[in-house]
Amino acid sequence: MKPLSVTLPAIGLRVMWTYIATGLAIFLLMLLVGISMRGSQAGWWTIEPGTFYSLLSLHGIGMLTAMVVAGLGTLWYLVSRETGLDARVAYLAYAFFVAGVACVIVSIVPGHYGALWSMLYPLPFTGTYWPTWATGAWLVGTALVMLGFMIWCGQILGALLARYGGLGGVLAVDYVLHNRAFAKLDHEPPPPQIFAAAITAIDGLIAGTAGLTVGVALIVRWLDPTVAIDPLWAKNLTYLFGHTFANLTMYMAVAGIYVGLPICTRRAYHTSVPLVLAWWGTLLFVIIAYFHHLYMDFVQAESLKLVGELASFLAAIPVVVITVYGAVLLVHRSGMRWTLGSMFLFTGLIGWVVGGAAAVLDSTIPFNVDLHNTLWVPAHFHTYLLEGVVLFTLGWVFVNLEQRAGASSGALIRWLAGLGVFGGGALFVLGFYIAGAAGVPRRYAVEPPPGPYLAGIATVGAILVLVGLLVVAYEALRLARLPRSEVAP
Amino acid sequence: MRRPRVVGLVVLGVAVLVAGLPLLRGPIELPVTQHHLLHAALLVGAALAGVLCGRRDALRRASPAWIVLAMIAPILAMLLMWPSAYSFFEQHPAGHAFEHVGIVACGFLAGFAGERFAAGVGWATGGSAVLMALLAAFGFGVAPPTAVPIAAVAEPSLQPGASGRRNTGASSPAQPSHGAMIYATNCAVCHGTAGEGVSGPSLKDERTRKNLRQTIEWIENPAPPMPKFYPAVLTAADVRAVATYVQTL
């Protein structure tokens with residue numbers, strides 16, 4: 001099926017750069033917040049526990065929002081190349097994100113909210129040290145972020161349904177089930193990045209609905225303290241939304257691999273039946289993988305824990321294996337030049353695999369009992385986000401900048417950026433992994449030994465990441481200022 | 001295009017009639033779960049009607065306002081499902097019917113606006129409204145047995161807009177001691193409302209394992225995974241009060 005119309009590339013690019021620039025700017029600010037917390041845990045300076053938990057709340061929701069906003073911008077542009085998208089809707093969703101972030105900042109900076117986004121009811125209402133208006137600002141802010149996300153999902157879903165003739169077309173059902181007939185008719189399945197967009201939109205709408213359900217319930221509870229809420233229900237919905245939201249950041253960013261690596265290697269990344277099946281697995285299972293956050297909740301049904309374990313494996317492993325295998329084959333003997341773009345995209349695969357493996361380990365019930373309340377959990381999601389999603393995003397940014405300018409970066413810049421962002425990031429997450437394996441608890445302002453020593457190592461790593469990112473920012477600005485070129489780098 | 005719209009209007013009419021049932025039946029006392037499930041049933045009809053009435057030419061460009069309305073409508077429906085024991089809407093048949101009509105309007109808007117935005121999206125946004133009501137049935141206004149005493153001793157001063165009427169309306173037995181209030185607020189979630197142990201260990205007969213001084217020391221400097229409440233959350237007086245209470249379990 002041919003597209004009805006496509007969005008003008010300039011409009012699509014403008015939306016994409018607005019989203020990515022905002023996402024990366026929030027990311028940089030949150031990195032500074034993260035460094036301040038790790039330095040405090042290392043004993044390099046002192047942050048009072050109440051302030052620490054406020055900063056932790058800001059850092060958690062801020063980083064997730066940053067990565068989501070950057071990923072949504074990339075996907076919006078990629079979908080706009082296939083079918084017509086109204087930029088006004090993208091900016092409307094963006095306005096909701098900005099309003100949500102503003103409310104969250106108000107709840108933290110003057111309000112000192114400190115219960116994180118993953119708070120367990122009766123938090124954030126009892127045992128608090130911040131004013132109740134701060135709780136309200138936080139709840140409204142997160143609801144606005146969810147609303148912006150759902151508007152984006154609704155727009156992309158509508159566009160894909162129109163472009164590919166319904167859900168079956170978007171998910172390439174005929175391509176998988178009636179492959180020969182499909183080929184005889186000379187039909188083409190959607191390109192790989194469309195699966196990333198479709199899964200984000202569909203699972204995003206489901207997860208967003210769950211998130212808004214518990215979000216509205218908590219807002220009502222904030223306004224009317226007589227309203228009861230079941231804590232187990234609240235925890236299930238909180239993690240259904242939060243875990244899916246966090247996981248989707250990777251599936252958004254991986255679209256950069258499907259489009260970016262082919263630009264670097266001058267080879268096409270084709271849709272294949274295994275790839276589609278893997279994405280179906282993610283579509284079905286990423287929504288219920290969150291049960292691994294509730295293994296230790298004895299009131300949760302045992303069967304759901306087993307479902308959570310299986311879903312965690314099936315949501316992550318197939319799509320990682322097939323995408324990485326495809327990417328490696330794409331690069332193998334392609335004569336690809338190691339520019340900043342290709343380097344970040346490729347090293348991002350390493351972060352995805354390592355972070356994913358650590359996540360799968362944590363979602364395995366016997367290990368979870370020992371690891372889940374330790375720094376192992378932040379270790380895995382920092383690997384996943386910092387060494388995966390961020391690198392994919394930077395890779396995609398640089399592939400675009402290099403292609404636009406017809407130039408790439410010098411060896412020194414590549415080494416500095418690579419060592420800083422990837423090397424510093426590796427050192428940073430290593431501090432978390434070792435501490436987690438040693439049983440250092442997570443979400444503690446003051447950690448028992450060997451936490452402070454390892455926090456010091458992690459802080460050095462995080463500072464290296466910051467230095468690397470400053471080099472990256474300098475180089476991005478340099479490339480962006482070069483005149484547009486038609487010659488590929 | 002006309003036939004689906006007619007079917008949609010018929011479905012909407014049926015949903016509105018069902019929504020008006022409280023006018024005939026008078027005050028309806030239902031458990032919150034069943035009440036939410038009935039709301040979900042109303043929303044199924046309303047959202048379906050909205051989708052059928054909202055179908056449009058896919059080639060025409062839609063206003064962005066439709067998608068915002070489609071996403072906000074389920075939230076408004078959730079707010080109308082506010083499960084307050086003191087709600088005017090719950091106690092007066094006319095108010096209750098009005099509330100139901102509002103829920104139907106929100107469900108219709110979710111489906112209609114979604115479908116006006118883009119073909120197929122109405123099913124997703126209407127489904128979102130129904131899913132919210134279904135999910136709400138299992139926790140929004142539904143307290144597990146252990147949560148009742150916590151609600152009973154919730155700190156009134158911490159809640160916004162807390163009027164005496166609302167807070168005293170909870171099923172509070174005798175006035176609990178300061179230590180019991182702190183225990184219910186901070187400890188009962190893990191240790192159980194009567195100290196029977198939930199995710200945390202049982203505190204029954206804790207006095208046989210630790211004396212008051214040891215209990216205070218433990219609360220002030222607990223070992224993981226027990227959270228540290230002192231001094232960020234609890235003062236030294238609070239710790240002493242709750243430790244004294246724990247000694248009585």
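Guide: Contact here means heavy atoms within 4.5 Å. The model is a predicted one.

Visitor: Which residues of α1(B) meet α6(B)?

Guide: Arg5(B), Leu12(B), Ala15(B), Val16(B) and Ala19(B) in α1(B) meet residues of α6(B), among them Ala97(B), His100(B) and Phe108(B).

Visitor: Why are α1(B) and α6(B) called roughly antiparallel?

Guide: The two helices pack at an angle of about 160 degrees, with their axes 8 Å apart. Angles over 145 degrees count as roughly antiparallel, so α1(B) and α6(B) are given that name. Their crossing is right-handed.

Visitor: What makes the pair of Tyr258(A) and Tyr269(A) edge-to-face?

Guide: The ring centres are 4.9 Å apart and the planes stand at 75 degrees. Rings pair if their centres lie within 6.5 Å, and planes over 60 degrees apart count as edge-to-face. The pair of Tyr258(A) and Tyr269(A) is therefore edge-to-face.

Visitor: Which parts does the pair tie together?

Guide: Tyr258(A) lies in helix α10 of chain A and Tyr269(A) in the loop between α10 and α11, so the pair ties together parts that are 11 residues apart in sequence.

Visitor: Why is His293(A) called buried?

Guide: Its relative accessible area is 15%. Buried means under 20%, so His293(A) is buried. His293(A) is placed in the loop between α11 and α12 of chain A. Leaving out residues up to four places away in sequence, His293(A) touches Lys235(A), Tyr239(A), His243(A) and His372(A).

Note on methods. Residues numbered from 1 in each chain as written. Chains lettered and ligands numbered in written order. Predicted model: local features only at pLDDT ≥ 70, side-chain atom pairs only at ≥ 80, totals over all residues. Heavy atoms only, no water. Helix = DSSP H or I, 4+ residues; strand = E, 2+ residues; numbered from the N terminus. Buried < 20%, exposed > 50% of the residue type's maximum accessible area, 1.4 Å probe, protein only. Axes fitted to C-alpha atoms, helices over the stretch in contact; angles between N-to-C directions. Parallel < 35°, antiparallel > 145°, perpendicular 65-115°, else oblique. Left-handed = near helix turned anticlockwise from the far one by under 90°. Phe/Tyr/Trp six-rings, centres within 6.5 Å; stacked < 30°, edge-to-face > 60°.
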